Amino acid sequence: MSLKRSTSLIGGLLILAGSLVVTAPMASANEELVKLQKDDGQWAQQGKNYAATRYSSLSQITPDNVKNLKVAWSFSLGTLNGQEGGPLVVGNTMYVHSSYSTGNSHNIFALDLAKEGAPIKWKYVAKHDPKAVPVACCDLVHRGLNYADGKILYQTLDGIVIALDAKTGKEIWKTRNADPSKGETNTGAGMVIHDKYIVGVAGGEFGVRGWVAAYAIKDGKLIWKARSTGPDDELLLASDFNAANPHHGRFGEGTKSWPGEQWKVGGGTTWGWYSYDPELNLLYYSTGNPGTWNPAPRKGGDNKWSMTIWARNPDTGAAKWAYQMTPWDNWDYDGINESVLTDQTIGGKKVKALTHFDRNGFVYTLDRTNGTLLKADAFVYVNWAKGVDLKTGRPIVNTDKLTKQGEDTKNICPCAMGGKNQVPVAYAPGTNLFYAAVNNMCMNYEGQLVQYTAGAPYVGASVLMFNGHEGKDNWWGEVIAWDVVTGKRKWEIKEQQPPWSGPVVTASNVVFYGTMDGWFKAVSAIDGKLLWKHKVGSGIIGNPITYKGPDGKQYVAVYSGIGGWFGATVSLDLPPDDPTAALGGVNAAYLSGLPMASSKGGTLYVFGL
């Protein structure tokens, strides 16, 4: 299947500003995971904790001694597509996953950290339906495993939810969540809350109507399923839904905000990162772009509830509130990015905050108890909107940047890859700063007519991407430190290629991240000063973690393996013949020099002093 742009797609710890507040385990929370989150010697969730801060209190590695880091050991992942996500560390075991492969399989390993060189304890090879490969958007990636109750839980590319015995790797149960013959896949990690494993679905570029679903950890039975678009009963709206902010949307808008029955192929998929507040008992996640990318067939309403931050009761799925960031999305600002839970003082008032760096270029801070919008600031160069009206919650759109069918709209910033793609941010309570890997990219965008066919691409746009500030810069991305209170950058580091590695930050004020051209770096959390770097075998799009080994020493681990949307040109061997191929990614990759800066790979690196 061709990768042309218009035809195909391969593709609780709560934080208080300045201090770390650990909430006591509650009956409503998964007590084991809450306990593991408190132990910074381990890394038991992809975001480190339910608040998704990617912060560790470990401090053996400091700005003074980080220059002494060496490779302690490495491990081949066995596949060559993009290596996203990161490993888990529970007890003396590291659980490692690979990308998927065109050979219709991927690998899961349990490694013994108590033994020299971390030998394999067990290996599980997961086969997936070959029909999933041509309908997987933007490379054959997977964003990570979950641990709970002695089980490793994850979802395969073809939508099978699987539970493995964490000690033996033996398959305990599996159940189907998605059907690739309809364009439904999954690349996200999901999240364990209480006795449930909550997962999403990918496939917005195939007209998939998104959902989140909760499966029983014990036996894999479906407990609830909540749609992103459609009638209220399928959206599972609570009786007090958006009570504090009715202007953000109320009952009935799931269908009324779409022309005709366009909501049935409306996108709003849910393959991003999740977070959870045990005190409020609310799950937070976001939905992606509407279908199609061409806005013309969707004209006539806001296309709710695509591009939306949701808060749901994880036991019932009932939605407490929802806030739509980009109504009637014209630009594929796929809104699935993570939401980080902190306590902040905004406008002189202390609030339970939710902070979300969206692909549309704005960072949103909301009151996570009720969805009230508190702040919205541009964290990269933005020209599609002049800002966000805090009273209405709506963007102030520059109408000359609205895309149209049959017309090539020039110089829209940011591009469809976003001001920040799916790579998660980190938050340090000591500095009260967020650390984010962001893009410096813009685009030309032409809407195209496309008809829906189940399992076929349903994109309807041709996109050409280039480096940002309307082509006036020579860098493609940055790592930034962001102050959510002032709404400004504290510092920034320019990178030749966009960095798609989610930072991790430690109590000793060291930030670790990787680059597309294969450098693993440590910088100061205070001022961004480079402290150390090491060249690995392939570009890094994985999210580093830090943990304490059985020997009592602090280690840092990261996957190396170029890929993902921007890196798919390398991992999928895409030539420069069609610059709009790979959803516009080919032009960007070649212009940035990525094909000459990195080769394929698939390796776990572990560093120690």
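A disulfide joins Cys-413 to Cys-442, with the two sulfurs 2.0 Å apart. This pair links distant parts of the chain: Cys-413 sits in the loop between strand S27 (408–412) and strand S28 (426–428), while Cys-442 belongs to strand S30, 29 residues apart. The link of Cys-413 and Cys-442 is right-handed, with 105° about the S-S bond, and both cysteines are buried. Please keep in mind as you look around that this is a predicted model.

**Cysteines**

How many disulfides does the structure hold? There are two. Besides the pair described above, Cys-137 and Cys-138 form a disulfide, with 2.1 Å between their sulfur atoms. If the bonded cysteines of the protein are numbered in sequence order, the pairing reads 1-2, 3-4.

| Disulfide | S to S distance |
|---|---|
| Cys-137 and Cys-138 | 2.1 Å |
| Cys-413 and Cys-442 | 2.0 Å |

Cys-137 has a relative accessible area of 25%, so it counts as partly exposed. Cys-138 has a relative accessible area of 13% and is therefore buried, the cut-off being under 20%.

A disulfide here requires sulfur atoms within 2.5 Å. Cys-415 is also buried, because its relative accessibility is 0%.

Is H5 itself buried or exposed? Eight of the eight residues of H5 (residues 564–571) are buried, so the helix is largely enclosed by the rest of the structure. Among these buried residues are Trp-565, Phe-566 and Val-570, as well as Gly-564 and Gly-567. Just after H5, Asp-573 takes a positive phi of about 55°.

**Strands and sheets**

Turning to the strands, four of them form an open sheet in the order S9-S10-S11-S12, with antiparallel pairing. Its edge strands are S9 (146–148) and S12 (171–176), each of which pairs on one side only. On average, neighbouring strands of this sheet are turned by 20° against each other, direction ignored. Within the sheet, strand S10 (residues 151–155) and strand S11 (residues 160–165) pair in the antiparallel sense over five bridges. In that pairing, Lys-151 stands opposite Asp-165 in S11.

Another antiparallel pair is made by strand S23 (residues 362–367) and strand S24 (residues 372–378), joined over six bridges. Here Val-363 stands opposite Asp-377 in S24. The hairpin of S23 and S24 has four residues between the strands, and in it Gly-371 takes a positive phi near 85°.

Note on methods: Residues are numbered from 1 along each chain as its sequence is written. This is a predicted model: local features need pLDDT of at least 70, side-chain atom pairs count only at pLDDT 80 or more; totals for chains, interfaces and linings use all residues. Side-chain values use heavy atoms; hydrogens and water are left out. Two strands pair if DSSP finds at least two bridges between them. Helices (H or I, at least four residues) and strands (E, at least two) are DSSP runs, numbered from the N terminus. Buried means under 20% relative accessible area, exposed over 50%, partly exposed in between (1.4 Å probe, protein chains only). Axes are lines fitted to C-alpha atoms, for helices over the stretch in contact, and angles run from 0 to 180 degrees between N-to-C directions.
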